[in-house]
Amino acid sequence: MALTDVAIRNAKPGAKPVKMGDSGGLFLYITPAGGKLWRLKYRVDGKEKLLSIGAYPEISLSDARKRRDEARALVAAGKDPSREKQRAKLQSRVEADNTFQAISGEYCGKRKRDGDKAWSPATATRSEYLLSLLNPSIGKMPIAEIEPADILGAVRKIEGKGNLESARRTLQLASMVFRYAVATARLRSDPTRDLKGALTAPKVTHYGAILEAKKVGALLRAIDGYEGLGLTKLALQIAPHVFVRPGELRHAEWGEFDLEGALWIIPAEKMKMRKAHHVPLSSQAVALFKEVQAVTGPAGYVFPSVRTRARPMSENTLNAGLRRLG
């Protein structure tokens, strides 16, 4: 006889567990403590098995029957409902671990350890910051459930503040995270692939540059006549001889130099491309570096801060020197 809600509500526990049958293998299991639990008896490959469906009244009679029918449909398709339930639980746990925030953190960690292609500390800090801007919107979402519209909405919040370049770069980094998830079998495809052209392109800013030979000569003569700090003058004089980024010059250390061999080797960890960079030194550059060495050598930073030798010369020192030249 099929169960009714009235019969279930009125059912009392006994000294031993009580089973109240419904139909199709579904029954209510009443514990001596009064718990009412739905169970389904079924057979797979001739073996009798038991599936836990849930507790009454959280799972109503009608809901229990729906789940019974779903389980019987799986059996008819040659599947084991208990195994499918375990698989679904495992998938839920995997998805909980595979949120965008978790995978972006994993990706950033990988990029910081990526051998010759590893991010520099500055690049890592910047990239982690930009990706963190997406966390309030999609950080806790399972990565497999994120749609293009979710990502677009998140990066447009950055764009809406006028940070066009940051929005563009953040979308680019998000794409890297999604492609990493694809490569590690946690995602089928990159949802950012259809967002090309969706953001406002930032206006390209051209930095000041001297393109005429006569003006270059005028600048070099102005540097030679610089009346500021002697170390700043030497740094400005050396810069045109070595053609490195200002930050690479400021962070130069004496251990990187072979002045007798006229060579400066910048270590890979200081380079943007994470490869050691060999800088041949002209005789003029060697002479200038020897002047500096007499002041700041033989160890530590070539151009230390005026406040402490433990830090390099600040970026503003060189910029201020150039501004003084006009």
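A: We may begin with domains, whose bounds come from an automatic or database domain assignment. Please keep in mind throughout that this is a predicted model.

Q: Which domains does the assignment give for the protein chain?

A: The assignment gives domain 1 (5-93), domain 2 (100-184) and domain 3 (213-325). For domain 1 and domain 2, the C-alpha centres lie 44 Å apart.

Q: Is aspartate 80 buried or exposed?

A: Buried means under 20% relative accessible area, and exposed means over 50%. Aspartate 80 has a relative accessible area of 8%, and is therefore buried.

Q: Which side chain does lysine 112 meet in a salt bridge?

A: Lysine 112 meets glutamate 128, with an N to O distance of 2.8 Å. This pair links distant parts of the chain, since lysine 112 is in helix α4 (residues 100-112) and glutamate 128 is in helix α5 (residues 121-132), 16 residues apart. Lysine 112 counts as partly exposed at 42% relative accessibility, and glutamate 128 counts as partly exposed at 32%.

Q: Which residues are linked in a network of salt bridges?

A: The network links Asp22, Arg65, Arg68 and Asp69. Elsewhere, the side chains of glutamate 48 and arginine 43 meet in a salt bridge of 3.8 Å, N to O.

Q: Which residues gather in a patch of positive charge on the surface?

A: Patches are made of residues with over 30% relative accessible area and no salt bridge. Here Arg67, Lys85, Lys89 and Arg93 gather in such a patch of positive charge. Helix α3 (residues 81-97) gives the most to the patch, with 3 residues. Lysine 89 is placed in helix α3 and is partly exposed, with a relative accessible area of 47%.

Q: Let us turn to the backbone. Where is proline 57, which a cis peptide bond joins to tyrosine 56?

A: Proline 57 is in the loop between β4 (47-55) and α2 (61-76). For the cis bond between tyrosine 56 and proline 57, omega is about 10 degrees. A cis bond also leads from glycine 297 to proline 298, with omega near 5 degrees; proline 298 is found in the loop between α12 (283-296) and α13 (315-324).

Q: What is phi of aspartate 45?

A: Phi of aspartate 45 is near 55 degrees, a positive value in a residue other than glycine. Aspartate 45 lies in the loop between β3 (36-44) and β4 and counts as exposed at 76% relative accessibility. Alanine 262 likewise has a positive phi, near 55 degrees, and is found in the loop between β5 (257-258) and β6 (263-266). At 24% relative accessibility, alanine 262 counts as partly exposed.

Conventions
Residues are numbered from 1 along each chain as its sequence is written. This is a predicted model: local features need pLDDT of at least 70, side-chain atom pairs count only at pLDDT 80 or more; totals for chains, interfaces and linings use all residues. Side-chain values use heavy atoms; hydrogens and water are left out. Patches are made of residues with over 30% relative accessible area and no salt bridge: like charges are joined within 9 Å, nonpolar side chains (Val, Leu, Ile, Met, Phe, Trp, Tyr) within 5 Å. Accessible areas come from the Shrake-Rupley method with a 1.4 Å probe; for residues, only the protein chains shown count as cover. A salt bridge is a side-chain nitrogen of Lys or Arg within 4 Å of a carboxyl oxygen of Asp or Glu. Lys and Arg count as positive and Asp and Glu as negative; His and the chain ends are not counted. The place of a charge is taken as NZ of Lys, CZ of Arg, CG of Asp or CD of Glu. Helices (H or I, at least four residues) and strands (E, at least two) are DSSP runs, numbered from the N terminus. Buried means under 20% relative accessible area, exposed over 50%, partly exposed in between (1.4 Å probe, protein chains only).
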